[in-house]
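Q: I have a sequence and a 3D structure to look at. How do I begin to read the features?

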Amino acid sequence: MLSCHVLGHTEVAGDGVPVQLGGPVPRRLITALIAAGGDVLSYPSLAAAVWGEPGPARATATATATLQVYVSRLRGLLGPADRHRLARGPGGYQLLVPPEWTDVARFEAGLARARQLLAADPRGALRAVEQALRLWRGLPYLDLPGAGLVEAETSRLVELHEVAVETRAAARLAGGDAAGVVPELDALITETPYRESRWALLVLALYRDGRQADALGALRRARTLLAEDLGIDPGPELRDLEHQVLAQDPRLRRPIPPRPVTPPRQALRTPLTSFTGRETELADLTARLREHRLVTLTGPAGVGKTRLALEHAGRVREADGPWLVRLADLPDGALLLGTIAVATGISGADPDTVLAGLATRTGTLVLDNCEHLTEPVADLAIELLNTCPGLRLLITSREPLGLDGEQVIPVRPLAIRLPDGTPGPAVALLTDRVQAVRPGWQPTPPEAHDLEALCAALDGLPLALELAAARTRILTPREILDRLDDRFTLLGEVPRGSLTPHRSLRAAIEWSVHLLAEPDRAFLHQLWPFDGGFTYPATAAMPLAALSSLVAKSMLSADTSTNPTRYRLLESVRDYCREHDPAPARSAAAHAHWVRTLVADSADELNFPHDGHIIRSLTAELPNLRTGIRHDLARDPVQALRTIGQLGWFWIRGGHFAEARALLEAAFAAAPEAPALDRARALIVHGDLLGFSGAGLLSAEAPYLEAITLAATGDTSEHRALRGRAHYQAAFGAVALADATRATHHAAAALTLSESTGEPWLTAAARMAHGAALVLSGQSATGESALTEAAALARQHNLPWLEGWATHHLGQALLLRARTTPHLATEALTALRTALDRYLRTEDISFTLIVLTTLAAALHQFGAPGQGAELLAAVHRERLRHGIQPEVLLAGATSLSGSEFLPGAIAGEPGPTGP
């Protein structure tokens with residue numbers, strides 16, 4: 001609803017969210033169009049109203065062009081959902097809003113209802129007129145002073161206001177408050193002493209208060225005032241009243257109003273669509289309401305709280321209830337009890353009467369969309385629960401009421417997948433709604449994949465899924481997916497008859513955001529760059545209270561099952577925040593800086609982790625890493641290259657080979673003049689990726705050699721450590737290629753550099769490379785001894801991943817010798833199991849699969865080919881799940897005994913059934 005307020009300075013709001021109209025010209029323009037009541041206002045008339053005479057109105061062409069500019073700006077301010085309401089008509093413009101969307105129409109309707117109720121229901125009349133008077137904020141059309149367009153209408157509305165204040169006094173008097181209304185009437189007479197109706201009310205109030213003499217005195221003052229100031233006698237009403245007072249006419253006493261007719265109870269609204277995907281929540285809700293009297297459904301806009309509440313209400317059988325009270329359009333808590341009275345069929349009377357009526361009822365009272373009325377609803381809930389023993393309250397809101405004993409059920413977006421990997425309720429809902437608009441449609445396998453991807457992109461949010469389904473009348477799921485960069489325009493408005501009180505997904509989100517305190521709203525707008533969620537340390541500038549508030553109001557979800565807790569914005573909320581962030585470039589830069597800091601702080605442990613925490617935490621932040629790197633590729637490519645290089649082992653251990661190669665290529669191209677150390681580190685990563693691609697082993701040495709050259713441009717410990725790392729990586733590449741000469745050369749260089757740096761990790765890695773080279777050259781005993789020493793050194797310095805790598809190579813070496821010395825088999829398997837344990841401890845996916853490939857070869861070698869094939873099939877399934885190419889596994893198995901049985905099986909072909 002686009003509400004328009006002109007009783008005072010002009011205000012416009014869309015779904016309760018104020019529209020910032022700007023300066024005086026756009027304010028006068030929109031005011032004039034509101035005053036026209038939907039009629040087309042010609043360009044000259046509109047220009048005269050906006051600028052007056054003389055002014056641009058004299059030059060028709062100039063005025064029209066200027067008006068077009070301001071209209072265009074106003075349409076932008078109204079937003080996509082309402083811009084069409086400011087329409088061009090024949091020769092001018094019009095504002096297409098129903099009269100009831102203006103405060104003028106609501107004021108007149110409230111006054112008319114009050115005058116209608118005055119005789120039969122004075123208290124109902126008083127409530128109606130007070131509600132009308134609350135709309136009066138000042139002189140009507142204040143933003144069009146002196147405009148002929150509104151002159152007559154302003155006079156009419158001012159007179160109606162005078163009538164309204166008199167009606168309020170009359171309602172108080174008819175309701176029995178004679179003593180209390182006298183001061184109000186005295187004040188009104190002082191303001192306008194010649195309105196005889198006010199004198200009549202004052203006389204009647206004094207008489208009913210037992211002050212007959214004062215009533216006669218007021219009549220005489222009125223007669224004197226009219227005679228002396230205007231030279232006239234009182235009118236018939238005052239003259240008749242004087243005779244009645246003198247005669248003490250019984251008709252002057254307060255009349256007993258007839259018993260008001262009880263309004264009919266509002267019927268529950270029955271949804272027209274099927275109920276899908278909430279059976280678990282419905283069962284939980286039913287069980288909670290059976291045991292407790294206050295249950296609140298919380299969750300973000302569009303998640304389906306109202307539908308869940310209605311589904312429960314439609315299935316219960318109660319003596320009187322259930323009742324649904326829609327509160328989204330209620331401006332404040334003043335009308336809360338009256339709205340409940342209408343919904344429950346209690347006659348519109350005073351609060352005590354409504355509460356007394358509810359106290360006799362048994363059933364569930366559903367108070368829907370309470371987030372903007374949290375405090376008055378909470379206060380009323382306490383009173384209802386204390387005085388109405390038969391009532392149960394079911395609340396839907398973005399946040400809990402915060403009452404003792406309140407049972408809170410978070411309603412979350414629908415799951416995309418079930419724990420067993422099958423499509424979840426989000427996919428079922430979307431499929432059902434698409435079939436509703438495309439009867440007989442059954443998704444093909446590609447379309448089923450697109451439906452699941454669309455559910456994920458829309459967070460499983462039911463409102464978004466319903467809107468997307470409606471679009472499938474004209475677009476395929478894939479086309480909708482491809483256009484989600486402008487999701488709010490694409491998804492459009494909700495259909496008529498929908499349960500949501502908002503006309504679009506954007507309006508639903510705006511409603512929630514507008515309810516936030518200004519500081520919380522500012523923090524929320526800055527969170528959009530975070531992709532895939534974030535932890536609290538990532539937003540150190542945000543006070544904990546603000547974070548807590550955003551979670552409580554369902555703007556953020558909090559996953560407390562992880563440590564640390566992970567917070568996440570829905571993708572639609574992210575898009576909204578990106579649109580409304582006043583400084584999006586600054587927010588994106590701050591996020592990219594956080595990513596760089598996170599990676600830099602993690603770099604040392606990432607090379608040789610002590611446990612799986614670092615891999616786990618960076619994997620959780622992978623979407624953020626991608627976003628930060630993409631930002632830097634466009635704006636600071638040197639930083640991007642540095643970050644990609646610092647993440648080197650993360651790419652390998654997590655199996656992110658293709659992605660890392662693409663990012664590296666982009667960074668090398670974007671930062672050709674990057675500092676030597678940054679390029680050297682990135683070149684080592686490039687060599688690692690080539691080596692792990694299997695087919696790239698022969699070309700992997702070139703980047704290592706280039707990195708060594710770049711790292712030799714300085715002689716700091718960092719320069720020497722990078723050269724040592726490049727050498728030992730080159731040594732392992734040579735081992736995989738069975739080139740003993742190159743392997744020995746690079747291992748020796750790495751050993752020499754390790755002695756000059758004193759870094760334990762480099763010493764252990766260099767000894768490991770040297771040991772592998774010795775084994776390759778035929779010096780098995782010496783090589784195995786070096787590998788054992790490397791594992792011991794790694795264990796001594798708490799480097800479990802390096803220990804695993806060393807024992808892995810030791811196990812491979814022992815497997816080779818076990819062909820001729822069978823008793824070494826047990827020792828080989830022990831070493832491989834140690835390697836597996838260390839890789840698992842550090843959560844290294846790639847090397848875990850490599851050592852399992854080695855173990856599969858060992859099983860084949862030791863006479864258990866069936867078990868080896870089963871293990872290899874499991875490896876194949878996991879590498880497909882993680883997107884790891886089979887060449888990676890083969891690269892780690894090139895020196896294995898029994899490797900002749902590996903290539904076909906790793907590629908997915910069945911393994912042999914015999915030795």
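Q: Which side chains meet in a salt bridge at 2.5 Å, N to O?
A: First, remember that this is a predicted model. Now the general idea. Side chains of opposite charge can pair when their charged atoms come close. Here, E518 and R521 form such a salt bridge, at 2.5 Å from N to O.

Q: Where do E518 and R521 lie?
A: Both sit in helix α22, residues 518–525. They are 3 residues apart, about one turn of the helix.

Q: Is R521 buried or exposed?
A: Look at its relative accessible area. Buried means under 20%. R521 has 17%, so R521 is buried.

Q: How many salt bridges does the structure hold?
A: The structure holds 50. One of them joins R198 and E162. Their closest N and O atoms are 2.2 Å apart.

Q: Which parts does the pair R198 and E162 tie together?
A: Find the element of each partner. R198 lies in helix α8, residues 196–208. E162 lies in helix α6, residues 148–174. So the pair ties together parts that are 36 residues apart in sequence. Both R198 and E162 are buried.

Q: Which residues are linked with R198 and E162 in a network of salt bridges?
A: E159, E166 and R195 are linked with them in that network.

Q: What does E399 form a salt bridge with?
A: The partner is K553, with the closest N and O atoms 3.6 Å apart. E399 lies in the loop between β10 (391–397) and β11 (407–410). K553 lies in the loop between α23 (544–552) and β13 (557–559). So this pair ties together parts that are 154 residues apart in sequence.

Q: Are E399 and K553 buried or partly exposed?
A: Check each one separately. E399 counts as buried, at 14% relative accessibility. K553 is partly exposed, at 21%.

Q: Which residues make a nonpolar surface patch?
A: Y194, L230 and I232 make one of about 270 Å². Y194 is found in the loop between α7 (178–191) and α8. At 41% relative accessibility, Y194 counts as partly exposed.

Q: Is L74 buried or exposed?
A: L74 counts as buried, at 1% relative accessibility. L74 lies in helix α3, residues 60–78.

Q: What does L74 touch, not counting residues up to four places away in sequence?
A: L74 touches L21, P26, L29, I30 and L86. Take P26 as a case. L74 and P26 are 48 residues apart in sequence. In space, they are 7.0 Å apart, C-alpha to C-alpha.

Definitions and conventions: Residues numbered from 1 in each chain as written. Predicted model: local features only at pLDDT ≥ 70, side-chain atom pairs only at ≥ 80, totals over all residues. Heavy atoms only, no water. Salt bridge = Lys/Arg side-chain N within 4 Å of Asp/Glu carboxyl O. Helix = DSSP H or I, 4+ residues; strand = E, 2+ residues; numbered from the N terminus. Buried < 20%, exposed > 50% of the residue type's maximum accessible area, 1.4 Å probe, protein only. Patch = residues over 30% accessible without salt bridge, like charges linked within 9 Å, V, L, I, M, F, W, Y side chains within 5 Å. Areas by Shrake-Rupley, 256 points an atom, 1.4 Å probe, with all protein chains shown as cover. Contact = heavy atoms within 4.5 Å.
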